[in-house]
Amino acid sequence: REKPKGMSEMDSIRKFEYRRSRMKTGFDVDFVSDGETFHGICGDVSDAGIRAEFSGFLDVGRSGLLILHHPIGVLKLEAQVAYTEKQWAGLVFLFKTPADCDMAIQFIAAISSIAAV
C-alpha cells in the first residue's frame with residue numbers, strides 16, 4: 001500500500017498511550033453543562049475520569065460540572081467529554097487545583113476498597 005505524500009514511516013505507526021486502570025461501577029452521575037443536566041449511570045471509573053451512559057447525547061469537547069453520586073458520598077468535579085461511543089461517553093476530570101486531584105484519588109480509592117470487600 002502506498003503511503004500518502006509527506007507521511008513518514010513513523011507517522012503510520014500507532015502510538016502507545018498509557019491508560020489508567022478502570023474499575024467497573026454502577027452508580028448515578030449527573031453532568032451539568034450550559035444550563036442542561038444530563039443524568040447517567042457510571043459504567044467504570046478511574047482517577048482520570050469516567051465512562052457513563054447518559055440520558056442525552058454529549059458533544060465531544062463539552063465541559064461542565066460532573067457530579068458522582070456514590071453510596072460513600074458525592075464528588076463534584078469539572079469534566080470534559082473526551083469521546084462518545086454509541087450510548088456511552090467518556091469524560092476526563094479537569095482538576096483546577098491539586099486538592100481537587102487529591103480529593104478524586106481518595107474518592108476512587110474509597111470506592112475501590114468497598115468493591116474489594
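## Salt bridges and core of a predicted model

R62 is buried, with a relative accessible area of 14%; buried means under 20% relative accessible area, exposed over 50%, and partly exposed in between (1.4 Å probe, protein chains only). This is a predicted model, in which local features need pLDDT of at least 70 and side-chain atom pairs count only at pLDDT 80 or more, while totals for chains, interfaces and linings use all residues. Residues are numbered from 1 along each chain as its sequence is written, and side-chain values use heavy atoms, with hydrogens and water left out.

Helices (H or I, at least four residues) and strands (E, at least two) are DSSP runs, numbered from the N terminus. Of the 117 residues, 33% are buried.

Three salt bridges are counted, each a side-chain nitrogen of Lys or Arg within 4 Å of a carboxyl oxygen of Asp or Glu.

| Salt bridge | Closest N and O atoms |
|---|---|
| D34 with R62 | 3.9 Å |
| R62 with E36 | 2.9 Å |
| R51 with D44 | 3.0 Å |

D34, E36 and R62 are linked in a network of salt bridges. R62 lies in the loop between β4 and β5, and E36 in strand β3, 26 residues apart. D34 is in the loop between β2 and β3, 28 residues from R62. D34 is exposed at 71% relative accessibility, and E36 is partly exposed at 40%. In the pair R51 and D44, R51 is buried at 15% and D44 is buried at 3%.

The largest nonpolar core has 23 residues, and V29, F31, I50, F54, L66, L68 and L91 have the most contacts inside it. Such a core is a set of buried Ala, Val, Leu, Ile, Met, Phe, Trp, Tyr and Cys residues joined through side-chain atoms within 4.5 Å. At least two of its residues come from each of β2 (28–33), β3 (36–45), β4 (49–54), β5 (63–70), β6 (73–85), β7 (88–93) and α1 (98–115). Beyond its neighbours within four places in sequence, L66 is in contact (heavy atoms within 4.5 Å) with residues including V29, F31, I50, L75, L91 and F93. Among contacts in the protein with a separation of 6 or more, 50% join residues 24 or more positions apart.

The count of disulfides is zero, a disulfide being a pair of cysteine sulfur atoms within 2.5 Å. C42 is buried at 0% relative accessibility, and C101 is partly exposed at 24%.
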